[in-house]
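Me: I've got a model open on my screen and I'd like to learn how to read it. Could you walk me through it feature by feature?

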Amino acid sequence: DWPWRVRTLVDRSLVLRVPGASGHRFLVVQALREAVRLAEGEERVSIARDSWREACLTLGSRAHFEVNERDRRQWMRWLGDEGDNIVSACMATAQDSAMLGRAIDVLHGLRGPFWLIGRYRGFDQAFEKLLNRGLDDFDGWGEETPTPIVDHKVQMLTAEGEVEEAFRIAQRHRAALEPGSHPVRLATALDLEALCRFELGDVEGAIDCWIRYGSLCDSAGYRRHALWIESKLTRANIELGRFASALANTERALKRGEELGDDNSVGMYRKELAARSLERHEFDEAIGLAKGSVDAFRRTGESVN
């Protein structure tokens, strides 16, 4: 009768593999974690705990890709079921320096999805705790510093007006990732460096970083990530007074979003084009684009502002 000794109905469904909206739930070890303590020795308990953490971290990394690049609705429902397991597993690594960086990377990738499913507050508190744990030993990480920790450090320095120091840290982090790093991790570091360059007035340098970001994500199969960077390129071109280039960026992004069937991007870029039409007092065109934006966002199942 051990399946019925676990604490919650969710855990029972994990054990029994009850089919749900997202398919069968596979984190059986999450339920085993509690039940095994009643009957097994410390060694088996440790094995179960480590298996549970590894499963959650692996699936959390996968969810980041799947939510953004595949069937968003399906994986949002999956996160609604299993999100607490992911966060709990990441929090369990807080005192384990060998896994802390990986846990921070996993949660960083899930910030957007947790916000979309309306559970950002609890998630943000957990993420903040892990970030602070990582920041406590910022200098001790060396070249292995997780990008979210560098990002947090850069934001702190920028808020204090030390933009040049923030830029040096971001540039050093990007350089450390150049040889053999995962393309998306390097792309994230490039985005961080680009933001610092933009803050310092080096808009051309920021554009170069963002163009490379798009190329790296595209080559790694993160096509929607590559698409979303167009909004920052648009902002940079507007800053330089290149309004025709900014408009071309947005139109190109919208066309590609439609080709990919990415309603989130279609909604976002139609909204941007509607704003440009309003500036030119082309009201009928702006209304048409705005309606198209609303329709696209509704198809994603997200709220429409």
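This is a predicted model: local features need pLDDT of at least 70, side-chain atom pairs count only at pLDDT 80 or more; totals for chains, interfaces and linings use all residues.

Me: Which residue forms a salt bridge with D263?

Reply: That's R299, with the closest N and O atoms 3.2 Å apart. R299 lies in helix 17 (residues 283-300) and D263 in helix 16, so the bridge ties together parts that are 36 residues apart in sequence. R299 is partly exposed too, at 46% relative accessible area.

Me: And how do I read the salt bridge between R270 and E258?

Reply: Check the distance, then where each partner sits. The closest N and O atoms of R270 and E258 are 3.3 Å apart. R270 is in helix 16 (residues 263-279) and E258 in helix 15 (residues 243-260), so this pair ties together parts 12 residues apart in sequence. On accessibility, R270 comes in at 21% and E258 at 43%, and partly exposed is the label for R270 as well as for E258.

Me: What about E279 and R276, how far apart are they in helix 16?

Reply: They're 3 residues apart, which puts about one helical turn between them. Their side chains meet in a salt bridge at 3.0 Å, N to O. E279 counts as exposed at 57% relative accessibility, while R276 is partly exposed at 24%.

Me: How many salt bridges does the count come to, and which residues are linked in a network?

Reply: The count comes to 19. The network links R174, E178, E193, R197, D202 and R212. Two of its members, E193 and R197, also turn up among the buried residues of helix 11.

Me: Let's look at helix 11, then. What span does it have, and what span is expected?

Reply: Compare the end-to-end reach with what the residue count predicts. Helix 11 (residues 183-200) has 18 residues and reaches 26 Å from first C-alpha to last, close to the 26 Å expected at 1.5 Å a residue. Just after this helix, G201 takes a positive phi of about 95°.

Me: Which elements cover the buried residues of helix 11?

Reply: The cover includes helix 9 (147-159), helix 10 (163-177), helix 12 (203-219) and helix 14 (230-239). Among the residues being covered are V184, L186, A187, L190, C196 and F198.

Me: Can you show me one residue from that cover? Say L216: is it buried or exposed?

Reply: Buried, at 17% relative accessibility. L216 is found in helix 12. Leaving aside neighbours within four places in sequence, L216 is in contact with P183, L186, A187 and L190. L186, A187 and L190 are on the buried list for helix 11.

Me: Let's zoom out. How many helices and strands does the protein have?

Reply: There are 17 helices and 0 strands. Of the 305 residues, 46% are buried. Among contacts with a separation of 6 or more, 56% come from residues 24 or more positions apart.

Conventions
Residues are numbered from 1 along each chain as its sequence is written. Side-chain values use heavy atoms; hydrogens and water are left out. Helices (H or I, at least four residues) and strands (E, at least two) are DSSP runs, numbered from the N terminus. The expected span of a helix is 1.5 Å times one less than its number of residues. Buried means under 20% relative accessible area, exposed over 50%, partly exposed in between (1.4 Å probe, protein chains only). Contact means heavy atoms within 4.5 Å. A salt bridge is a side-chain nitrogen of Lys or Arg within 4 Å of a carboxyl oxygen of Asp or Glu.
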